[in-house]
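User: I'd like to learn how to read side-chain features in a model like this one. Could you take me through it, starting with the aromatic rings?

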Amino acid sequence: MAQRCDASAEHDRFSSLDTATVRAAQLALAGGRPGMRGILAFIGPAFIASIAYVDPGNFATNIQSGARFGYLLLWVVLASNAIGMFIQVLSAKLGIATRQNLAEVCREQFPRPVVWVLWLLSELIAMATDLAEVLGAAVGLELLFGMPLAVAGLLTAGLTFAILGLQRFGFRPLEAVLMSLVGVIAGCYLVEMVWVAPDWGEVGRHAVLPQFAGPASVLLAVGILGATVMPHVVFLHSHLMQGRIPTLDQHQVRRLFHFERLETIGAMTLAGLINAAMLIMAAATFNATGNGDVATMETAHETLTPLLGPASSTVFAISLVASGLSASTVGTMAGQVIMQGYLRRKIPILVRRLVTIAPALVAIWLGFEPTSTLVLSQVVLSFCLPVALVPLVLFTRRPDLMGGLVNQRATTLSAVCVVSLIVGLNAYLIVEALGGG
């Protein structure tokens, strides 16, 4: 019982709303006029989850894709975002219906050996995620201020702790800061798009025309998928929705899911536009000017100055810092949810942070090239996606767990196709690699 109380307290610290906001939200669920406070009550969880879809791993894969292949893989970015939107809707639905997060449901439904394996793989996910986020923010700070990368990595960890410290004032201030950082990223890429003036005809064609250009493009496509569909926020989104707004009956449960689905569509659409803008900027700036060998974020930063002016490279670095800090904060939150859900154990946030940040700091100190390391981390995440997706599909199709929110047959079929697509891409990548492709 003490462990369950601990879990409840941890959830309250993460996602509780004030009493007045909850009352306004419940008025909306009952069919009344909620007012602005009630509307805002439904905004937050999906936008927090969407931060992971615009993290530095996306910068690495999207810039490499645009620089090397132009607009060719734009359809992969858009398709991956649509997949992410679908998955996050399922994750939110699980949290609403069961009032548990995905890790907690796994613990209750699977045998203990399976739970331990899933937990270990999920910890690998958390480390690969933090590798991308800390490296990205550190590179951004290095580009902005010229500080050594190792110092920038430590500063990133400190700033992340400072942002997480806002939880002592309630979860809403933390939500506001994280959503503001998403706004910074979106604003930076809106400015970049005005500067680069892309070929919109080519943008439209490659947005809907599936194509590859050899194994290298397939590797980047898998990296884009790994960078876009993030397994750790599948756990986090379900957590943020469990008991966030109390419901009185099944009608209110369905209404709550309706509102959260709308929020998820809005948040993920914004994330998708940002990702598309990253690739379009790289294609219009680097590929179109014969700079297709731009393979790192540092080179991208240096190349932007002569092509678009010094302000463009500064805007790029600012967006990278905002992305890394916000995504690193979300990654730490997700790591806590994963450990608490699988093991029903909490560890101090400092220890939690040190465990997940260690691989990133080691990579920096050993002098690994940041962008290549980022792309590799995204491929690792793509291989680990089934750890989150398979249980999610299995649970959301069960009426005994989901009640009135159980998947329809078409939804389950679509989910199976999504997981099969991801596994198939990974299998193709392995075959190409073993064959020397």
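User: How many aromatic pairs are there here?

Analyst: This is a predicted model, and the count in it comes to seven aromatic pairs. One of them joins phenylalanine 42 and phenylalanine 259, with 4.4 Å from centre to centre and 25 degrees between the planes, so it falls under the 30 degrees that count as stacked.

User: Where in the chain do phenylalanine 42 and phenylalanine 259 sit?

Analyst: They link distant parts of the chain, 217 residues apart. Phenylalanine 42 is in the loop between helix H3 (35–41) and helix H4 (45–50), while phenylalanine 259 belongs to helix H14 (residues 250–285).

User: What does the pair of phenylalanine 59 and phenylalanine 316 look like?

Analyst: Look at the angle again: these planes stand at 65 degrees, with the ring centres 6.1 Å apart, so this pair is edge-to-face. It also links distant parts of the chain, since phenylalanine 59 is in helix H5 (residues 56–69) and phenylalanine 316 in helix H16 (residues 310–343), 257 residues apart. Phenylalanine 59 is buried at 0% relative accessibility, and phenylalanine 316 is buried with 0% as well. Ring pairs also bring in Tyr189, giving a cluster of Phe59, Tyr189 and Phe316.

User: Okay, on to charges. How many salt bridges does the structure hold?

Analyst: For a salt bridge you look for a Lys or Arg side-chain nitrogen within 4 Å of an Asp or Glu carboxyl oxygen. The structure holds five. Take glutamate 108 and arginine 344, whose side chains meet at 3.9 Å, N to O. Glutamate 108 is in helix H7 (residues 102–109) and arginine 344 in the loop between H16 and helix H17 (349–365), so the bridge links distant parts of the chain, 236 residues apart. Both ends are partly exposed: glutamate 108 at 38%, arginine 344 at 24%.

User: Which salt bridge lies about one turn apart in a helix?

Analyst: That's glutamate 202 with arginine 205, at 3.3 Å, N to O. Both lie in helix H11 (residues 200–208), three residues apart. Aspartate 400 and arginine 398 make another bridge, at 2.7 Å; here aspartate 400 is exposed at 58%, but arginine 398 is partly exposed at 25%. There's a network too, in which salt bridges link Arg172, Glu175 and Arg244.

User: What about disulfides: how many are counted?

Analyst: A disulfide is a covalent bond between the sulfur atoms of two cysteines. The count here is zero.

User: Last one: which residues make the nonpolar surface patch?

Analyst: Val117, Leu121, Leu124, Leu376 and Val380 make it, over about 390 Å². Helix H8 (112–145) and helix H18 (370–396) each supply at least two of its residues, and H8 gives the largest share, three residues. Leucine 124 is in helix H8 and has a relative accessible area of 40%, so it counts as partly exposed.

How values were computed: Residues numbered from 1 in each chain as written. Predicted model: local features only at pLDDT ≥ 70, side-chain atom pairs only at ≥ 80, totals over all residues. Heavy atoms only, no water. Patch = residues over 30% accessible without salt bridge, like charges linked within 9 Å, V, L, I, M, F, W, Y side chains within 5 Å. Areas by Shrake-Rupley, 256 points an atom, 1.4 Å probe, with all protein chains shown as cover. Helix = DSSP H or I, 4+ residues; strand = E, 2+ residues; numbered from the N terminus. Buried < 20%, exposed > 50% of the residue type's maximum accessible area, 1.4 Å probe, protein only. Disulfide = S-S within 2.5 Å. Phe/Tyr/Trp six-rings, centres within 6.5 Å; stacked < 30°, edge-to-face > 60°.
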